[in-house]
Amino acid sequence: MDRTLRFRQLLTSRLFQVAGAAAFATPAGVALSCGGNVVVDPVDGAGGAGSVTSTTSLTTAITTGVTTSVGPTVSVTTTTTSSGGDPTYACFPWLGDAECPSGGNALSYVSQFDCAAPHYAFTTAVLDGPFPELDQCCYVVQQDICGVGRPFLVNGAPMAATARGRAEGGGAGSWSAGGLSPEVEGLDAEEREILARAWAQDGLLEHASVAAFARFALELLAAGAPAALVEAAHRAALDEVRHARLCLSMAATYRGGPVEPGPLPCGGSVSIGPDLAAFAADTAREGCVGETVAAILAAEQLSRATDPAVRKALFGIAEDEARHAELAFRAVAWALRVGGDDVRAAVAEVFDQAARDGVKAGGVNEDPRGVLESHGRLTVGAAREAAARALHEVVLPSARALLA
Ligand SMILES: [Fe+2]
Ligand SMILES: [Fe+2]
């Protein structure tokens, strides 16, 4: 059953309106001079766009198999990730008697584990190896985080905090306490651990999205963007704070203890460049592609989930991510309008690359009882299918309308 067809159709319709309407027709302001860099204190962490006019709820268009009612977006008080671009030593299951794959075969072998639990990363290159270990083949690899939502990129590599089991620095569990509590009765220890990891991973990426929107707001100011876009960027950052709290509070319930983000690695500084083409390309990549896919993945999760707390969280997240996708399309539409051919070429290249490479989406390896799905987690296969639909049915047609 295609439960999110109507959701995708409605979102596509909204993105087409953005592409065609050029909603922010106000002239560009005077660009703010930021000096190029925002200095951030280094830490030892291990490790969308706009106030949209549409108010139609997309999530009510999702076909579900349950009758649980969900309310509107909830307000609650409520990380294992840091892939980055640095080489990583990673091991993968190998049960055969033959030698571990090497050379050109190594990448295709390790790629079958892309975006799977527990790492939720995909391998972009095998740099060294194999190094056989017991029932495993190990390599030095380059990996990236599987995208959900807007990544926080530093020098092209996604950054996120690492989870820790207790609050430090006076936080007192401020991210993962007091939020939504799914029902854990009937889950075995392994299922609870899988769910805790998955929701923690999502929470850490949502936490990183707060930084992505903070930088996005600075970039909009530096580019002289209209006030409505700047305002929407700040609102979206607050959405991401809420998403992080929702996800981390659920992770804490499954784990039975706090799941707090550590310091977010920012690389020491955040570059705010004056290059409108680069800004538009980043927004297209992170927002038009990333947040559109995130919205549709959240809708797919919602359509399958039955736990009331999980459904409540996903209901709000799907709506918000759809709005963030619209914001990204609005920002790119504005950049195209005020920029030159270089902006158009940079944006077109992003969508061309997405069409060529596809979108990576992560999920659980298997779910024989369907219990993980009922708690909002997709299998890798279901997630990849939903991401492919999002890309080919929503992102790319909307991109063509944007660039027409
Ligand atoms: Fe989010
Ligand atoms: Fe978002």
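This is a predicted model: local features need pLDDT of at least 70, side-chain atom pairs count only at pLDDT 80 or more; totals for chains, interfaces and linings use all residues.

The iron ion (ligand 1) is coordinated by the OE atoms of Glu206, Glu240 and Glu321 together with ND1 of His243, at distances of 1.9 to 2.3 Å. Along the sequence, these donor residues follow the spacing E-x33-E-x2-H-x77-E. The angles subtended by the four donor atoms at the iron ion (ligand 1) run from 84 to 141°, and the arrangement is therefore irregular, given that a tetrahedral assignment would require all angles to lie between 85 and 135 degrees.

## Placement of the donor glutamates

Glutamate 206 belongs to helix 3 (residues 189-222) and glutamate 321 to helix 6 (residues 308-338), so that the pair, 115 residues apart, links distant parts of the chain. Glutamate 206 has a relative accessible area of 11% and is therefore buried, and glutamate 321, at 2% relative accessibility, also counts as buried, the cut-off being under 20%.

## The second largest cavity

The second largest cavity holds about 40 Å³ of space, and its lining is formed by Glu219, Ala222, Ala223, Gly273, Pro274, Asp275, Leu276 and Phe279. Helix 3 and helix 5 (276-304) are the elements that contribute two or more residues to this lining.

Classified by residue type, the lining of the second largest cavity comprises five nonpolar residues, one polar residue and two charged residues.

How values were computed: Residues are numbered from 1 along each chain as its sequence is written. Chains are lettered from A and ligands numbered from 1 in the order in which they are written. Side-chain values use heavy atoms; hydrogens and water are left out. Donors are N, O and S atoms within 2.8 Å of the metal (3.2 Å for Na, K and Ca); water is not among the atoms, so sites may look incomplete. Four donors count as tetrahedral if all angles lie between 85 and 135 degrees; four count as square planar and six as octahedral if opposite donors are over 155 degrees apart and all others between 65 and 115; anything else is irregular. Helices (H or I, at least four residues) and strands (E, at least two) are DSSP runs, numbered from the N terminus. Buried means under 20% relative accessible area, exposed over 50%, partly exposed in between (1.4 Å probe, protein chains only). On a 1 Å grid over the protein atoms alone, a cavity is a set of points where a 1.4 Å probe fits but cannot get out, and a pocket is an open set with protein on both sides within 12 Å along at least five of seven lines; lining residues have an atom within 4 Å of a point. Grid points are joined across faces, edges and corners, and a volume is the space filled by probe spheres set on the points. Ala, Val, Leu, Ile, Met, Phe, Trp, Tyr, Cys and Pro count as nonpolar, Asp, Glu, Lys and Arg as charged, and the others, Gly among them, as polar.
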